[in-house]
Amino acid sequence: MLRTPRDEALRLAQSIIDLKEKVSFCRHCYTFAEGELCRFCSDGRRDPTTICAVEAPQDIVAIERTGEYRGRYHVLGGAISPLQGIGPDELRIKELIARLQPEGVKEVIVATNPTVEGEVTASYLAQALRPHGVVVTRPASGLPVGGDLEYADEVTLGRALEGRRELAT
Ligand SMILES: [Zn+2]
């Protein structure tokens, strides 16, 4: 950084400022957006009755790479982790529940990471969402356990999505 020429450093600083000013969070699904809504929520061709809940915006990138999913998303902002003091209230679960009725949601796919925290979050969501009349599913196994969705290859992730199963409570 210290060896960077001054004009280059200024350009970098300006692009960081631009990024901070332009990018905000979608008011529906909380992924990155340049306006009020992200490109998924504002795309009328995407199926609004299916929501895929993920931990972080980069998981959406991984799912989009598969080309298998045409619904909408919801970024939870992490996973339940008692060790790190993250409970359900720290995640955007209330916001997800608030979307179900107005958007006519029929299915929520819980695509949290295949880790202990991700599984705990999935079971919690199955219990919290089912009373609202939606089917709660989870991508099939086959994803590397303990891994991160973000790093799964698109074929594996695509198959896991296709083979999703309803979560038991
Ligand atoms: Zn959105």
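**Aromatic pairs, a zinc site and a helix crossing**

Visitor: How many aromatic pairs does the structure hold?

Guide: There are three aromatic pairs in the structure, where rings of Phe, Tyr and Trp (its six-membered ring) pair if their centres lie within 6.5 Å. Phenylalanine 40 and tyrosine 73 form one that is edge-to-face, with 5.2 Å from centre to centre and 70° between the planes; edge-to-face means planes over 60 degrees apart. This pair links distant parts of the chain, since phenylalanine 40 sits in the loop between β2 and β3 while tyrosine 73 belongs to strand β4 (residues 71-75), 33 residues apart. Helices here are DSSP runs of H or I with at least four residues and strands are runs of E with at least two, numbered from the N terminus.

Visitor: Before we go on, what kind of model is this?

Guide: It is a predicted model, in which local features need pLDDT of at least 70 and side-chain atom pairs count only at pLDDT 80 or more, while totals for chains, interfaces and linings use all residues. Residues are numbered from 1 along each chain as its sequence is written, and side-chain values use heavy atoms, with hydrogens and water left out.

Visitor: Now the metal: which residues are the protein donors of the zinc ion?

Guide: Cys26, Cys29, Cys38 and Cys41 each contribute their SG atom, lying 2.3 Å from the zinc ion; donors are N, O and S atoms within 2.8 Å of the metal (3.2 Å for Na, K and Ca), and as water is not among the atoms, sites may look incomplete. In sequence these donor residues are spaced C-x2-C-x8-C-x2-C. Cysteine 26 lies in the loop between β1 (24-25) and β2 (32-33) and cysteine 38 in the loop between β2 and β3 (47-54), so the pair ties together parts that are twelve residues apart in sequence.

Visitor: And why is the arrangement called tetrahedral?

Guide: Because the four donor atoms around the zinc ion subtend angles of 101 to 117°, and four donors count as tetrahedral if all angles lie between 85 and 135 degrees. Cysteine 26 is buried at a relative accessible area of 0%, and cysteine 38 is buried at 2%.

Visitor: Changing topic, how do α2 and α5 cross?

Guide: The axes of helix α2 (residues 57-66) and helix α5 (residues 154-162) come within 8 Å and cross at roughly 85°, with axes being lines fitted to C-alpha atoms over the stretch in contact and angles running from 0 to 180 degrees between N-to-C directions. That makes α2 roughly perpendicular to α5, the range for this being 65 to 115 degrees.

Visitor: Which residues meet there?

Guide: Ala62, Ile63, Arg65 and Thr66 in α2 meet Glu154, Leu157, Gly158 and Leu161 in α5, contact meaning heavy atoms within 4.5 Å. The buried residues of α2, including Pro57, Asp59 and Ile60, pack against β2, β3, β4 and α5. Just after α2, glycine 67 takes a positive phi of about 70°.

Terms used: Four donors count as tetrahedral if all angles lie between 85 and 135 degrees; four count as square planar and six as octahedral if opposite donors are over 155 degrees apart and all others between 65 and 115; anything else is irregular. Buried means under 20% relative accessible area, exposed over 50%, partly exposed in between (1.4 Å probe, protein chains only). Rings of Phe, Tyr and Trp (its six-membered ring) pair if their centres lie within 6.5 Å; planes under 30 degrees apart count as stacked, over 60 as edge-to-face and the rest as tilted. Angles under 35 degrees count as roughly parallel, over 145 as roughly antiparallel, 65 to 115 as roughly perpendicular and the rest as oblique.
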